[in-house]
Amino acid sequence: GKAIAKSGIPREELFLCSKVWTTTIEQGKDAIRAQLDKTLADLGTDYVDLYLVHWPVPGKHVEAYKTLEQLCKEGKCKNIGLSNYAVEDYQELKDSGIEILPAVNQIEINPFLYRKNTLDFFTKEGVVLQSYRSLRDGKAFDNETVVKIANAKGKTPAQILGRWCIQKGYVYMPKSVKKERMIENGKVFGWELSAEEMAELDSLTKPEAFTTFEELYRKCVNRDTSKDGTLDGVKMSITKD
């Protein structure tokens, strides 16, 4: 909140997003309300622009989302959405009779985890896809294909990965604490990757990436809850690609 106040930027020109964590989701609606109130107090504002359910905690995430719906109606959230939801989690949520469709689903999206069937599904549902790990935490900057395309374009590997995300139509959210990297990561407009280059990048997702993703999903939906370390309630069959 101190940085926001010090910036002098009008509140309406800022877009503030936060999430409700698994521990709080498990604890229920009162805990969710208390967490958002604390977040608002910490930020020095009376609303957030986007509030997300961080993980689809089994048996708890539907109630959590419906609590967010009420908070949205009260004006504490301008928009509400999801994070790390599989197709099946979304269908469970939608079938429960929610009143406000999620604005976004924030999931990992990059050429090394290109889950086309999942991405196409949410796009058809009208849910905006927000990418995290767009740059794969820098772990793909030396990939042969990425480096080749970067050299051909006169760009950095980070800019190639960012442009791929933008060109696919996903919300690109690079993460860095270094000003020079922030500037570099933002230079993804005013130029394009060719259809051939996009196809090359698309092909970087290997079958084992889907397996790794599924294992991480099963591990994380119960993380930091009373069922941490178990598969209790976890969906064992999801759309992983």
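1. Gly169 follows helix α8 and has a positive phi, near 95 degrees. Helices (H or I, at least four residues) and strands (E, at least two) are taken here as DSSP runs, numbered from the N terminus. The model is a predicted one, in which local features need pLDDT of at least 70 and side-chain atom pairs count only at pLDDT 80 or more, while totals for chains, interfaces and linings use all residues. Residues are numbered from 1 along each chain as its sequence is written, and side-chain values use heavy atoms, with hydrogens and water left out.

2. Helix α8 itself comprises twelve residues, 157-168, and reaches 17 Å from its first C-alpha to its last, close to the 16 Å expected at 1.5 Å a residue. The expected span is 1.5 Å times one less than the number of residues in the helix. Nine of the twelve residues of α8 are buried, and the helix is thus mostly covered. Buried denotes under 20% relative accessible area, exposed over 50%, and partly exposed the range in between, with a 1.4 Å probe and protein chains only. The buried residues of α8 are Pro157, Ala158, Gln159, Ile160, Leu161, Gly162, Arg163, Trp164 and Cys165. Their cover includes strands β5 (128-132) and β6 (171-172), together with helices α7, α9 (179-186) and α10; contact means heavy atoms within 4.5 Å.

3. Helix α7 (residues 144-153) and helix α10 (residues 195-202) have axes 10 Å apart, at an angle of about 160 degrees. α7 is therefore roughly antiparallel to α10. Axes are lines fitted to C-alpha atoms, for helices over the stretch in contact, and angles run from 0 to 180 degrees between N-to-C directions. Angles under 35 degrees count as roughly parallel, over 145 as roughly antiparallel, 65 to 115 as roughly perpendicular, and the rest as oblique. The crossing of α7 past α10 is left-handed. A crossing has this hand if the near helix is turned anticlockwise from the far one by less than a right angle, and is right-handed if clockwise.

4. On the α7 side, the contact with α10 is made by Thr145, Val146, Lys148, Ile149 and Lys153; α10 contributes Glu197, Glu200 and Leu201. These residues divide into four charged, three nonpolar and one polar. In this classification Ala, Val, Leu, Ile, Met, Phe, Trp, Tyr, Cys and Pro count as nonpolar, Asp, Glu, Lys and Arg as charged, and the others, Gly among them, as polar.

5. Helix α3 (residues 29-43) has 15 residues, which should span 21 Å at 1.5 Å a residue; its end C-alpha atoms are 21 Å apart, in agreement. Ala31, Ile32, Gln35, Leu36, Thr39 and Leu40 of α3 are buried. Among the elements covering them are β1 (17-20), α2 (22-27), β2 (50-53) and α4 (61-73). Just after α3, Gly44 adopts a positive phi of about 70 degrees.

6. The axes of α3 and α4 come within 10 Å and cross at roughly 50 degrees, so α3 is oblique to α4. The crossing is right-handed. Lys29, Ile32, Arg33 and Leu36 of α3 make the contact with Glu63, Ala64, Thr67, Leu68, Gln70 and Leu71 of α4. By class, the contact of α3 with α4 has five nonpolar, three charged and two polar residues.

7. Gln106 lies in strand β4 (residues 104-108) and counts as buried because its relative accessibility is 5%. Leaving aside neighbours within four places in sequence, Gln106 is in contact with Lys19, Leu52, Leu82, Ser83, Asn84, Gln130, Tyr132 and Met173. Val128, in strand β5, counts as partly exposed at 39% relative accessibility. Residues up to four places away in sequence not being counted, Val128 touches Ala103, Val104, Asn105 and Val171. The C-alpha atoms of Val128 and Gly81 are separated by 9.3 Å, although the two residues are 47 residues apart along the chain.

8. Positive phi values also occur at residues other than glycine. Asp137, in the loop between β5 and α7, has a phi near 55 degrees and counts as exposed at 55% relative accessibility. Asp224, in the segment after α11, has a phi near 65 degrees and counts as partly exposed at 38%.
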